Amino acid sequence: MPMAPLDFAQYALFLILVLLATVPAGRYLERIFTGDAGFLERVLGPLEKRIYQFMGVDPKAGMGWKEQAWAFSLAGLAGAAGLFALLMVQQFLPGPPSAKFLSTPMTWDLALNTAVSFATGTTWQAYSGETTLRHAVQMVGMVTQGFLAGGTGLALGMAFIRGFASRKETQDLGNFWSDFIRGVLYLLLPLALLLALVLVGQGTVMAFRDHLALTPLRGGSQLLALGPAAALESIKNLGTNGGGFFGANGAHPLANPTPLTNFLGMLAIVVLPAGLTHTFGRMTRRRDAGWMLFAVMTLLFTLGLGGLHLAEAARPSALPLAVASGPNLEGKEVRFGLAQTVLAGVATSNGACGSSAAQPGSFSPLGGGVLLFNMLLGEVAYGGLGTGLVGMLMAAVIAVFLGGLMIGRSPEYLGKAVRAKEVRLAIVYALIMPLTVLVLAAVAVSTGAGRAGFSSNPGPRQFTEVVFAYASCAANNGQAMGGLSANSPFWNLTTALAMLLGRFGTAALAFALAGALSSQRRRPRSAGSMPVGSPLFGGLLFFTVIVVTGLSFLPVLVLGPVAECLSMR
Amino acid sequence: MNPQVRPAIIAFLALSVLTGVTYPLVLGGLAWMAFPDQAGGSLIRKNGRVVGSMLIGQDFTDPGDFWGRPSATAGPDAKPLPYNGANSGGSNLSPGNPDLRQAVEARVVALQAADSEQRGPIPMDLVTASGSGLDPHISLEAAGYQVHRVAKARGLSQTQVQALVRRQTERPQLGFLGDGRVNVLKLNLALDAIQGK
């Protein structure tokens, strides 16, 4: 089916708005972390100082990479421990909804999985919010983790940028706590409040009340889950977490009520990570290098849009002939149509954010394959907040190494030599995803406890569901093919392991690389420098990203999505 | 003890108060002042009684009503309970799954039996379950497909019903975001209204 003009217009407008927002977002991010946040700082500055006093930190004191890595990990650990405790005492907490509506028992393994999931920004949900959580836990637990995981990810990204940007030899990557708190106060909190108000205006529910039992128009009874959803729905996208208030997440009409809320939510996922490429360009004083990262990200994103659109526009051949042609709408919502569904699929699968506006479990084999491939790329097409830039720069380090081998020049990126140490860190970073996903998937399909999760679909689809689950967790994405029932001790514990490796394993390597780079003096640009702002390098970077993922995952992609697609013909 | 332990714990506690309590309460207050209806769940009242939410579909089965999309939601006992607003979700059936084909075939048969004179192709959204199981909308084609049945059952002319569908049609937002659609609950309420029910 050809692309309808209105579909194309929605994709084009989205990409244009991202492009237009990149400079202002990048400049504001730079101001927050290197200077003065302006009006907001005058209002919230005293609160910021007070928080540092309580924490006992000096926001001006520089931290080396090891201190940064400890701070990042302990902040995540504190969040996970706090949320785990909150979930385990949930049954004793007051407030709506009533215990009789909470039919999913909060077992220790579900609580552990959920705590790790939200503290790592994955927000994989083995539960449905409306049948499992009290509003108090959704707010104090889930909403807080949205800011915590988003803010620490952003602080990681800033430390990483400083590693590339330092001119002299230094251990100083900035102050993690200052970056984290400033990111929350001057960026995430005001934007979340603003976006949430727009969402409520469009129909997102924001009520502190119990489930409502009502008599529908033609009699009978209907139970409605209501709650303070808007508070979570805005930060879940801004912080690239993705875990929603309701089980159906972004497909739920009381969470994502209109095409506009969907469009704004997807912009909220993409704009800040895209802006960080410009922050990177400004802080390294090589804006061309920042724009080249942006261009490669945009190319990957656009290819995803095209691929998912084509895959989902086709009418499934298995349906009876009496049904009109058109996209398969099983698992999709009428108000979004194809374009908003595709946009949400691509933005969330590339953005480390699981808030999809439809059920990926019912996507076509190749459509699900596009989402899976995006996640396996390591969330680099704008990617998660802070972590997306890290992933793309890691690929850039590998690319200059490959480029250096090809032209026989000693590899360097923006005046920082890429020696054996740097390459080793980048390669290990790139290996975490394949090792985690492939090993865990192999364990799951070869054990009864793993295969017990198959609840809906036959054939190669089951294999796709398994790989999808571990890819989603290792990429800290969180979206799921729901045909897999993942609330069992086996699935709760193995997916939690994938999330921990995908968050803290990669972050430790990223901090270490930032430390290695910052301890080098930056050499001035010369005729021997790699032209990392050129389209030639952009092409090399693009192919590096694709080839590293392709080589690792081609076999599983063939056994899953491709085999299923061929078996349907 | 690692010197970052204390800042990590205090930062978590500070954020819990600031973003876990203060932010939702401030948002809730502003939302209730600015958009009380939407914040409360866009509830619809008829004769003073709440009959539903504008954003949550209902399970219409009378021939004289427009029908919404199939819903795959389940009740607390895990048995099918369409449009259960307390347990959202889709079927998660893959396009090649024989169960999906069977379900769609059964829905095709039911739609054709409800109106044997309607011979047109059946719109996709009328035979596939939505992602939330609560989709309040159907496509314009799905509304058009049902006009003949509804008009006949209600004793109205097709032109009258078509005009009503047109009035209840929601265009794409800002002219191009999303698809044109009809809210089924509002359409059925409007039908009741013109017949004085």
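Modeller: To begin, two residues touch, or are in contact, if their C-beta atoms, placed from the backbone, lie within 7 Å. This is a predicted model, so local features need pLDDT of at least 70 and side-chain atom pairs pLDDT 80 or more, while totals for chains, interfaces and linings use all residues. Residues are numbered from 1 along each chain as its sequence is written, with chains lettered from A and ligands numbered from 1 in written order.

Colleague: Okay, let's pick Lys186(B). Which helix does it lie in?

Modeller: Helices here are DSSP runs of H or I, at least four residues, and strands are runs of E, at least two, numbered from the N terminus. Look at residues 184–194 of chain B: Lys186(B) lies in that stretch, which is helix α6.

Colleague: And is Lys186(B) buried, exposed or partly exposed?

Modeller: We count other C-beta atoms within 10 Å: 20 or more is buried, 12 or fewer exposed, and in between partly exposed. Lys186(B) has 17 of them, so it's partly exposed.

Colleague: Which residues does Lys186(B) touch?

Modeller: Leave out residues up to four places away in sequence. What remains for Lys186(B) is Met54(B) and Gln168(B).

Colleague: How far apart in space are Lys186(B) and Ile44(B)?

Modeller: Along the sequence, 142 residues separate Lys186(B) from Ile44(B). In space, going C-alpha to C-alpha, the two are 9.0 Å apart.

Colleague: Let's zoom out. Which element gives the largest share of the side of chain B that touches chain A?

Modeller: On this side, 88 residues of chain B are in contact with 102 of chain A. Several elements of chain B each supply at least two residues, including α3 (98–114), β2 (49–53) and α6, where Lys186(B) lies. With 21 residues, the largest share comes from α1(B).

Colleague: Which residues of α1(B) meet α2(A)?

Modeller: From α2(A), the partners are Ile51(A), Phe54(A) and Met55(A). In α1(B), they meet Arg6(B), Pro7(B), Ile10(B), Ala11(B) and Ala14(B).
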